[in-house]
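The sequence and the model are shown first.

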Amino acid sequence: MLAPAGGGEPGGAGAGLVEAARRVAEELLWPAAPEVDGAERVPAGHLRALAGAGLFGLAGPGAAGRDDARLVYEALAGACGATFFVWVQHHAPVRLLAATANGGLRDRWLAALLAGDVLGGVAFAHLRRPGPPAVVAEPAAGGGWVLSGEAPWATAWGMAGLFAVAARSRDRVVFAALPAGERAGLSASPPLPLAVMHASSTVRLLLDRVAVPAGDVLDDLSFADWSARDRVVTAQPNPAAFGVAARCLRLLEEAGSPAAAPLGEEWDECRRRSYAAAPDPADDDEDVKRLVGLRAWSLELAVRAAYALVVATGGRSMTLAHPAPRLLREASFYAVQAQTPPVRAAVLERLTRRS
């Protein structure tokens, strides 16, 4: 039987965060989602509500275990995709700051990010692209780095106060903490006209010899080490996809659609197997292969659940006021977010499999 939106029951230290997330999702984010879908950026009030609920510190030391964090992700993603995506990007610089050996940088920024006084953003998806590095780091005289290139995806421009930007230096990866805002050498494109989550205010960042002193370096590691870690991260089934699917299934149930029961049973099974199988970290090729297959299943299931809602709704689903087309676009978004060749191949294999 399908669990409530967000699914499952919270437990442990993060239980209060799960309940807070579900409350904000149902009382604020879900009712406003149609308006936010067409907005230029996520409302500041949404971010304040998430901060007030303690959710900006979700990835902070000791805030919530993995199981509770998944429930928070599901609840928020199933309510408003744009708000969720802006919020979820924030946790990458939080994790980098919490783990950095640069104590001065951590002291400067981490508390403000955990409290929600500052929103964090990231620009590192370009590291996964084949070919020459999109952003290059050159050693600077006297220490630090000089960054040049174009980061094609930077979310929350105009909202975030600090960005974690990745660059390549031969066989190494450098993560730099860059305060937001245009200045000499750093500029942004206009917000990209996205098919979904336009309110995320996603831009291309242009860097022309931007100086990063040693005191602003979050991490400096080998590309091989980063790739090995990213291989595991991008193989993990995405709780956001389960959140979108759960919302679609709830709406199908409310509409009395016969599709709700079989899809709900599949959702239960896919989610149970995905969360039971996800090791931390995966330690061999078979673990990663199994996770990739489960991620592909979850992504494809979210799209099918949203498509079922479109079909069950009929002509009303062609109006922007109805949630079905937005949920279908959001489900499709997760099929390409953090996409890697193995995940792409696994999803396409599922989509082209003959019954």
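Which residues does Glu266 touch, not counting residues up to four places away in sequence? With contact meaning heavy atoms within 4.5 Å, Glu266 touches Trp297, Leu301, Arg304 and Arg350.

## Basis and confidence

This is a predicted model, in which local features need a pLDDT of at least 70, side-chain atom pairs count only at pLDDT 80 or more, and totals for chains, interfaces and linings use all residues. Residues are numbered from 1 along each chain as its sequence is written, and side-chain values use heavy atoms, with hydrogens and water left out.

The pLDDT (the predictor's confidence in each residue, from 0 to 100) averages 92 over the protein chain, and 94% of the residues score at least 70. Over residues 1–6 the pLDDT is below 50, and this stretch has 19 contacts in the model beyond near neighbours in sequence.

Helices (H or I, at least four residues) and strands (E, at least two) are DSSP runs, numbered from the N terminus. Glu266 lies in helix 9, which covers residues 260–277. Because its relative accessible area is 18%, Glu266 counts as buried (under 20% relative accessible area, with exposed over 50% and partly exposed in between; 1.4 Å probe, protein chains only). The side chains of Glu266 and Arg304 are joined by a polar contact of 2.5 Å. Such a contact is a pair of N or O atoms within 3.5 Å; within protein, one must be able to donate a hydrogen and the other to accept it, and residues adjacent in sequence count only if both atoms are side-chain atoms.

Asp287 belongs to helix 10 and is also buried, with a relative accessible area of 12%. The side chain of Asp287 makes a polar contact of 2.8 Å with that of Arg290. Between Asp287 and Ala125 there are 162 residues of separation in sequence and 23 Å in space, C-alpha to C-alpha.

Helix 8 (residues 239–254) has 16 residues, which at 1.5 Å a residue should span 22 Å; its end C-alpha atoms are 23 Å apart, which agrees. The expected span is 1.5 Å times one less than the number of residues. At its start, a side-chain oxygen of Asn238 comes within 2.9 Å of the backbone nitrogen of Ala240.

Gly256, with a positive phi near 70°, follows helix 8. Ser257 sits in the loop between helix 8 and helix 9. Ser257 counts as buried because its relative accessible area is 15%, and its contacts, leaving aside neighbours within four places in sequence, are with Leu252 and Ala312.

## Strands and their pairing

Strand 1 (residues 120–123) is covered on both faces: Gly120 and Val122 are buried on one side, and Gly121 and Ala123 on the other. In a regular strand the side chains alternate between the two faces of the sheet. Two strands pair if DSSP finds at least two bridges between them. Strand 1 runs parallel to strand 4 (residues 162–169), with four bridges joining them, and Val122 stands opposite Ala164.

Strand 4 is joined to strand 5 by eight bridges in the antiparallel sense, with Ala167 and Val174 as bridge partners. Their hairpin has two residues between the strands, and Arg170 takes a positive phi near 55° there. Strand 5 (residues 172–179) has six of its eight residues buried, and pairs with strand 8 (residues 217–222) over five antiparallel bridges.

A nonpolar core is a set of buried Ala, Val, Leu, Ile, Met, Phe, Trp, Tyr and Cys residues joined through side-chain atoms within 4.5 Å. The largest has 104 residues, of which Leu76, Trp87 and Leu205 touch the most other members. Helix 10 (residues 285–313) gives the most to this core, with 14 residues. Apart from it lies another core of 22 residues, including Trp109, Ala112, Ala164 and Leu218.

Helix 4 (residues 81–89) has nine of its nine residues buried, so this helix is largely enclosed by the rest of the structure. Trp87 is one of these buried residues. Leaving aside neighbours within four places in sequence, Trp87 is in contact with Leu50, Leu55, Phe56, Leu58, Val72, Tyr73 and Leu76.
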